[in-house]
Structure formats: structure tokens, C-alpha cells
Amino acid sequence: MTSRRTFLAGTAALSLAALAGCTTTEVLGPPGSGSDETEAVLGLVNQLRRSRGLGPLSRDPAAAKAALSQADRMAKAGKMAHLIGLTDSFLNRMKSQGVSLPAAENIAVGQADAAKAYDAWFRSPKHLENMLGPRYTGLGVAVMRNPKSGNHPYWAMVLSTPPVLSAGG
């Protein structure tokens with residue numbers, strides 16, 4: 001009886017270890033095709049913000065780079081998620097891409113074009129809240145597809161607060 005309990009306990013421990021290993025996301029391969037879609041979404045977001053009495057956003061190159069990176073990560077993993085892997089950190093990702101904080105990220109998958117991705121974010125209360133964030137002044141949007149994950153379009157939007165440069169440079 002004791003050896004059976006030991007066996008079951010050992011099997012349970014191995015099963016848990018295997019499950020823990022499943023929480024990391026396998027990278028499926030090289031990047032697929034993608035593009036910076038900031039200009040396609042910027043007017044839509046600014047129209048929304050204007051209708052709510054908020055100032056416009058401008059294209060932030062660091063946010064665009066971070067959006068493309070996140071869309072690529074999701075397409076490689078075949079998974080829509082803000083965090084991919086056990087050691088992933090939103091703040092560290094933003095800092096490593098040069099995005100000024102605070103920042104926010106909207107993600108989506110499956111929308112055929114930028115207008116449809118914007119519409120999905122508009123219809124989601126949390127994503128809408130991000131787009132209406134009064135502190136944000138910068139925007140970057142990207143889409144990426146990867147043949148290893150079915151060529152589904154993975155979308156990422158990064159809203160940022162680029163530093164204001166002084167008149168002296």
C-alpha cells in the first residue's frame with residue numbers, strides 16, 4: 001500500500017512538472033510577414049479621442065517597434081497573449097523597446113484589416129479605455145502573420161507617453 005502511494009505521489013509530481021512545462025509557449029519558427037499599421041489606425045483613434053474631448057495621439061516610433069515585436073511574438077507562438085513564457089514582463093518589454101511609461105497594449109487576432117482590428121478594440125471596454133487614456137500621446141500599431149501558426153493576423157497596439165523634448169534639444 002505504501003509503495004502504491006509513493007508511486008501515485010511520484011506520478012502526480014511528474015504530471016505537475018509536465019504541466020508546468022506546458023505553460024511556456026513554443027516558438028514556432030522564423031518571423032512571417034508583417035507591417036506597421038500605425039497610420040491606418042491613427043486617424044480612427046484620433047477621431048474617437050476628439051469626440052470625447054481628448055487630445056490627439058501621434059506616431060511614436062518606439063511604440064510602433066514594440067507593437068511589431070509583440071505581433072511577431074504572438075504570430076510565432078500561435079497565441080494571442082500579452083505575456084508569452086514564464087519570464088515575460090510587459091514593463092521590461094516596453095523598456096527594452098524604448099517605450100516611455102506609462103504605456104498600454106491592446107492585442108487582437110483574426111481581423112482582416114486595420115479598421116476591423118480598431119473596431120474590435122473599440123467594442124471591448126478595456127481596450128476602449130486604453131485608447132481613451134488621457135495620459136497617452138503616442139501610438140504604434142502592427143500586424144504579423146506566420147505560416148507556422150496558420151497565417152492568422154496577430155495585431156498589437158501600443159499606447160505610450162513619449163517624453164517631451166525641451167526647446168534646447
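The briefing below takes up a helix pair and then a strand and its pairings.

This is a predicted model, in which local features need pLDDT of at least 70 and side-chain atom pairs count only at pLDDT 80 or more, while totals for chains, interfaces and linings use all residues. Residues are numbered from 1 along each chain as its sequence is written, and side-chain values use heavy atoms, with hydrogens and water left out.

**Helices α2 and α5**
- The axes of helix α2 (residues 38-51) and helix α5 (residues 114-122) come within 9 Å and cross at roughly 35°, the axes being lines fitted to C-alpha atoms over the stretch in contact, with angles that run from 0 to 180 degrees between N-to-C directions.
- The contact (heavy atoms within 4.5 Å) is made by A40, V41, L44, V45 and L48 of α2 together with A114, A115, Y118 and F122 of α5.

- Strand β4 (residues 138-145) is largely enclosed by the rest of the structure, because 7 of its 8 residues are buried, that is, under 20% relative accessible area with a 1.4 Å probe and protein chains only.
- Strands count as DSSP runs of E with at least two residues, and helices as runs of H or I with at least four; two strands pair if DSSP finds at least two bridges between them.
- Strand β1 (residues 33-36) pairs with β4 in the antiparallel sense over 4 bridges, and S35 has V143 of β4 as its bridge partner.
- Strand β2 (residues 58-59) runs parallel to β4 and is joined to it by 2 bridges, with G138 of β4 as the bridge partner of S58.
- Strand β5 (residues 154-160) and β4 pair in the antiparallel sense over 7 bridges, where V141 stands opposite M157 in β5.

How values were computed: Buried means under 20% relative accessible area, exposed over 50%, partly exposed in between (1.4 Å probe, protein chains only).
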